[in-house]
Amino acid sequence: MSDAILEIRDLSISLPKNADRKYAVKDVNLDVAKGEILCIVGESGSGKSVMTSAILNDVPDTLNITSGSVEFDGQDILKLSQIQLNKLRGARISMIYQEPMAALNPSIRVGKQVDEVFALHRPEIKSKDRKGETLKLLNQMKLPTPERIYASYAHQVSGGQCQRIVIAMALACNPDILIADEPTTALDVTTQAEILRLISDLKEVYKNTIIFITHDFGVVTDIADRVVVMCQGKIIEEGLKEEVLMTPKEPYTKLLVDAMPLLETKRTPDQSRVDDPSVIVNELHKIYKTRTGQVHALNDASFVLRKGETLGVVGESGSGKSTLAKTLIRLEEPTSGSVSIGQENFLSLSGRGLIASRKKIQMIFQDPFGSLNPSQTVGFMLMRGLELQGVDTIEAKDRAIELLQQVGLGEQAFKRKPRNFSGGQRQRIGIARALSMGPDVIVADECVSALDLSVQKQVLLLLNDLQKTYQMAIIFITHDLRVAAQVSDYITVMEKGKMVEFGTASDVFNQPKHEYTKRLLEAAPGRDWHPPRLSAEEAAEIAKSLEESSLEQ
Amino acid sequence: MESISTFEIWLTFFKQLWPVWLALAITFTAIYQWRARLGVLGRIFDSPVGIVGLLIVLFWVFSAIFADIIVLFDSLEQSGLYRRKPPGTMNVARGIPYIFGTDTLGRDLFSRMIYGSQIVLLIAPAASLVAYVVGITLGLPAGYIGGKFDTVLSFLANLVLAFPVILLFYLLVAPGIRETILPNIMAGVFFIFPILFALMVVYSRFAERLRVLIPSSIIILAIGAWLYSGLVFNADPLGIVAIDPGELNIFAAVVFTTSPGVFRIVRGLTMDIRTRDYVAAAVTRGENPLFVMIWEILPNARGPLIVDSCLRIGYVTILLGTLGFFGLGMEPESPDWGSMINQTRSYIRLVPTIVLPATLALASFVLGLNLLADGLREQSLKD
């Protein structure tokens, strides 16, 4: 490619010797064309972040660049001295990070931090003019009241505003290349949409080249010109956005695209059912008292759910969906309202009665790494719940093994501790643990949001199958509309503690009533993209052949 | 006066310590062999600092165990002829050298140093252990339940920690106090905690299974009562468990000053771990609070606690040295390191090496513990 601004040649970066594979990045060749937006897509551990860190010659200390070159502007970045690198970084190639809060120094006013970039890389701007330049830049980032933001500290502005400030810092010197490492992953959907639009708009002004790292195909659809798919440290497929997204060639890409949940509902509840509901929630309120006043975290939540039905609870951070989960399972006491499980008023229970009834409502947690006790074996976790209900040891062990098989983890998992399992496997253990209590209701709080797409799909399928077997009612809390669409019979949308919309999944998706629901639907990344589907047999076949080829290596 | 050369001094030193070298070699080979199964202790081989620490600590452990084989003289054996002699002086009548010299009563400094390790290695770890049990038993509920219980206990802990330790010891270990019932009352209170803790462990695990709960509780109570009668009242019906009243006094005083520190660490760790999802999972499963504290929280606090226990044994060693130095609690004749330093310090100008054995012994043991703690911390962070 003649107009390439950056050329990566034969780049290999080795991992420490006890890692699960030898190279973080292996023999990568990549050209980045001037002025394009290149998206690097891959699941966690695919080496996408490590590869881009080499572009700034900023590879973590534990890793080693064993071969290759990164040509930029006629020089090999990997061979530059520290002084030359400092001139390059921030000025000609700059970076936006995933956690905007962590990228800003909490003890310096954010405006001063932008000033700093000018002081460092643009000496032609006199110190008295810097503030003016910074304000101009903040204004360009569409930040409201730039003067106020200039004088604020990082914790005083919202996550989206923080990310705008970080982008301002990155663009302060009008760099040739802007590297964005998952810049919107930590943000809410609506904020993400705004930031993505901002990045595209700014590109029209600044004409820089953007390398955009993400795991989300939705984001790719919205922003990319060209796409690179990485897996296991290698580039699997490379091409224009339309080609890769609509007609992927490589089997791995096909699977990845296939794992992307559709923005279409799958389930329609039988609304004429008259059997007794599994759970009735009535006018649930939770008010937190703070020093400055009170926060109405949960405002009048009410719903009814029957056996085998799933309610998707959708909302952004701070909408009260986690408070709903915690009050339902009584990790926190609601301020008022009632929760009935079966015939029993769950909220009026206390002492031994509460302990005995807790088994009826169980939770699947978000963080697969924090939700399993690292010092217990999987067998202990599963057997403990059964033993509490008076099942004797031998029977409990049989049941535990049966559960492990049902969640797709064979008997050998019984004696192992959580650290031996991957995120997806841990989440399966978490599901088995919840099921071991034989619950009528399961609260799943963002239980797939920490997982890679392909794993997420499997876990959702598993949950679906188990629901058919055990007929429990599921309250499925998620920020991801696509996931909610896959699993829900009913959907409720929460905003600022209130359930602003409630209806069957298809009604909410196709005829949203509330403004906020419409905004959420519009902001969903990649909503105009209809990813090609594989049939179940095809998918299984590809997965099998991929597994075989990875075994051969 | 006949004496041996420096080289011969060290030769004798290394020769006398042969059981220690042998034991060290065996232990290290064993640890290295089974390192995969030993968890954090096995991974100590990845940390040079940790290896050195472990070496020093084990050196003193084995010195204490094999003291009777190692020493050249009895710890109390005096000699009017050989007073305040420099290292290497030969006891002509016995044909044995005083390799580290003698003190002002003509007692062998090397032998006393080795015997001194027995006192330290008995009291320091045991007192730390009891302090740990007290701290854990109170710190877990304080951190987990919080509220008034926590407020009161934290206040008391801060009160003890705010008091100058030396002054506290002058109050608690003074000869006048030892004749009163106070040390026994203190020991009586502290020794209840291990029994209580063991009962809590068993109850929390087997609350639903009476067939296991009842017999194990009876066994714990029986063993507990036996040890308790021997240690607190010095009235063991079997006549096996006994403790010197002076040592009991020191023991109680050390536990009293150490346990508030442990309490605060355990409380802090509990408040942190309490917020993890697996604790929430246990609560929603319907576990009683005791189970959550002992089986869900405590095992995950073990990393920092193991590291801290190494440091704490070091503090207690220094504390014992201080006590000995001030002549508090210990018998005047006792070969503990603190007393040795005090008894020899006036003669530094006469024989400059006279304070070195006890001082270096004390310093090296504490240094070893600190290095070991550093190594363990490094390795436990990798979990």
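How many helices and strands are there in chain B? The legend for View 1 takes that up, and every view here comes from a predicted model.

**View 1. Chain B as a whole, with its 16 helices and 2 strands.** The radius of gyration of chain B is 23 Å, close to the 21 Å that the globule rule gives for 383 residues, so chain B is as compact as a globular protein of that length. Of the 383 residues in chain B, 54% are buried. Now take the contacts in chain B between residues at least 6 apart in sequence: 72% of them join residues at least 24 apart.

**View 2. Helix α13 of chain B and what covers it.** This helix takes in residues 289–297, and its buried residues are Phe291(B), Val292(B), Met293(B), Ile294(B), Glu296(B) and Ile297(B). Part of the cover over the buried residues of α13(B) comes from chain A, in the form of α14 (378–388).

**View 3. An open sheet of 6 strands in chain A.** Read across, the strand order is β6-β7-β8-β3-β9-β10, and the pairing is mixed. At the edges stand β6 (93–96) and β10 (234–240) of chain A, each with a single partner strand, so one side of each is left without a neighbour in the sheet. On average, neighbouring strands of this sheet are turned by 20° against each other, direction ignored. Zoom in on β3 (residues 37–41) and β8 (residues 209–214) of chain A and you'll find them paired in the parallel sense over 5 bridges. Here Ile37(A) sits opposite Ile210(A) of β8(A).

**View 4. Two helices that lie across strands of the 6-stranded sheet in chain A.** Helix α7 (residues 159–171) of chain A lies across β6 and β7 (177–181), and runs at about 175° to β6(A). Helix α11 (residues 251–259) of chain A lies across β9 (226–231) and β10, and runs at about 100° to β9(A).

**View 5. An open, antiparallel sheet of 4 strands in chain A.** The order this time is β2-β1-β4-β5. Its edge strands, β2 (23–33) and β5 (75–76) of chain A, each pair on one side only. Between β4 (residues 64–72) and β5(A) there are 2 bridges, in the antiparallel sense, and Glu71(A) stands opposite Asp76(A) in β5(A). Helix α1 (residues 48–55) of chain A packs on the sheet, where it touches β1 (4–14), β2 and β4. The direction of α1(A) makes about 120° with that of β1(A).

**View 6. Strand β16 of chain A beside β17(A).** Which way do the side chains of β16 (residues 361–364) point? Ile361(A) and Met363(A) point one way, Gln362(A) and Ile364(A) the other, and all are buried. Strand β17 (residues 441–445) of chain A runs parallel to β16(A), with 4 bridges joining the two. The bridge partner of Ile361(A) in β17(A) is Val441(A).

**View 7. Helices α15 and α17 of chain A crossing.** The axes of α15 (residues 393–406) and α17 (residues 453–470) come within 11 Å and cross at roughly 130°. That angle makes α15(A) oblique to α17(A). From α15(A), Arg399(A), Leu403(A) and Gln406(A) meet Leu462(A), Leu466(A) and Tyr470(A) of α17(A). By class, this contact has 4 nonpolar, 1 polar and 1 charged residues.

Technical notes:
Residues numbered from 1 in each chain as written. Chains lettered and ligands numbered in written order. Predicted model: local features only at pLDDT ≥ 70, side-chain atom pairs only at ≥ 80, totals over all residues. Heavy atoms only, no water. Pairing = 2+ DSSP bridges. Axes fitted to C-alpha atoms, helices over the stretch in contact; angles between N-to-C directions. Contact = heavy atoms within 4.5 Å. Buried < 20%, exposed > 50% of the residue type's maximum accessible area, 1.4 Å probe, protein only. Parallel < 35°, antiparallel > 145°, perpendicular 65-115°, else oblique. Nonpolar A, V, L, I, M, F, W, Y, C, P; charged D, E, K, R; others polar. Rg over C-alpha atoms; globule rule 2.2 N^0.38 Å.
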